[in-house]
Amino acid sequence: VRYALAFFLLWTTVAWCAEPLSVVTTSTDLKTLVEAVGGERVRIESLAPPLQDPHAVEVKPGQLAKLKAAALLVRIGLDHEPWLGRALRTLSDRRFVRDSPNYLDTSKGIQLLQAETPRVRAYKGAHVHGFGNTHYWLDPENSKPISAAILEAVARLAPGERRYFEANRKRFLDQIDERLKIWLRT
């Protein structure tokens, strides 16, 4: 049994020697969700820095280069990233068109709130999202469909790693469920 365990540990270490899947996200929150599912088998960059207004990102040439090298783009969608269309046109990479295997819009399949309600910011005037409240990912319950979509996207690009991604997602969702029990009690 000891030798079998040692062989298994050696085999699983040797079995994963591929380069991590390169993923670019449009927010640090999505980066965290991709990390939760992808673990060490993905390398993730966020186009929006943590303290940046996510509606007004100025994509620099270095970020375009990271996007060009990525296997997958994960975005919030709706009208949350008005700057992304310009960046993608500049890049002119057919891999990142809607419905391609390399493009994931995590808003698909999410029940949106406030679909026709403008929000007003004192310093900028109306803050309107015509498709709904684009901040859907802030609801911990939405981490379930979002992480499912991420799982499908990374498994599509690295099919041999599906079980690894599934185990990571399950572990992540178990943690979310445990936290929700605590949060809902307070």
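## Overall architecture

From the N terminus on, the elements of this protein follow the order α-β-α-β-α-β-α-β-β-β-α-α, which amounts to six helices and six strands; helices (H or I, at least four residues) and strands (E, at least two) are DSSP runs, numbered from the N terminus. The model is a predicted one, in which local features need pLDDT of at least 70 and side-chain atom pairs count only at pLDDT 80 or more, while totals for chains, interfaces and linings use all residues. Residues are numbered from 1 along each chain as its sequence is written, and side-chain values use heavy atoms, with hydrogens and water left out.

Of the 186 residues of the protein, 40% count as buried, where buried means under 20% relative accessible area, exposed over 50% and partly exposed in between (1.4 Å probe, protein chains only). Among contacts (heavy atoms within 4.5 Å) between residues at least 6 apart in sequence, 63% join residues at least 24 apart.

## The pairing of H5 and H6

The axes of helix H5 (residues 143-157) and helix H6 (residues 162-185) come within 10 Å and cross at roughly 170°, which makes H5 roughly antiparallel to H6. Here the axes are lines fitted to C-alpha atoms, for helices over the stretch in contact, and angles run from 0 to 180 degrees between N-to-C directions; angles under 35 degrees count as roughly parallel, over 145 as roughly antiparallel, 65 to 115 as roughly perpendicular and the rest as oblique.

On the H5 side the contact includes Ser 143, Lys 144, Leu 151 and Val 154, and on the H6 side it includes Arg 162, Phe 165, Phe 172 and Ile 176. The residues of this contact divide into eight nonpolar, two polar and six charged, with Ala, Val, Leu, Ile, Met, Phe, Trp, Tyr, Cys and Pro counted as nonpolar, Asp, Glu, Lys and Arg as charged, and the others, Gly among them, as polar.

## Rings at Tyr 164 and Phe 165

Rings of Phe, Tyr and Trp (its six-membered ring) pair if their centres lie within 6.5 Å, and planes under 30 degrees apart count as stacked, over 60 as edge-to-face and the rest as tilted. By this rule the count comes to one aromatic pair, formed edge-to-face by Tyr 164 and Phe 165, at 5.9 Å centre to centre and with 65° between the planes.

Tyr 164 counts as partly exposed because its relative accessibility is 22%, whereas Phe 165, at 0%, counts as buried. The charged end of Arg 41 sits over the ring of Tyr 164, 3.8 Å from its centre; the rule is that NZ of Lys or CZ of Arg is within 6 Å of the ring centre and within 35 degrees of the ring normal.

Leu 72 is placed in strand S3 (residues 72-75) and counts as buried at 0% relative accessibility. Leaving aside neighbours within four places in sequence, Leu 72 is in contact with residues including Val 23, Phe 96, Tyr 103, Val 154 and Leu 157.

Leu 91 is found in helix H4 (residues 84-91) and, at 12% relative accessibility, counts as buried. Not counting residues up to four places away in sequence, Leu 91 touches Leu 64, Leu 67, Lys 68 and Phe 96.

Most residues other than glycine have a negative phi. In the loop between H4 and strand S4 (103-105), Ser 92 has a positive phi of about 50° although it is not a glycine, and Asp 99, in the loop between H4 and S4, has a positive phi of about 70°. Ser 92 counts as exposed at 59% relative accessibility, and Asp 99 counts as exposed at 78%.
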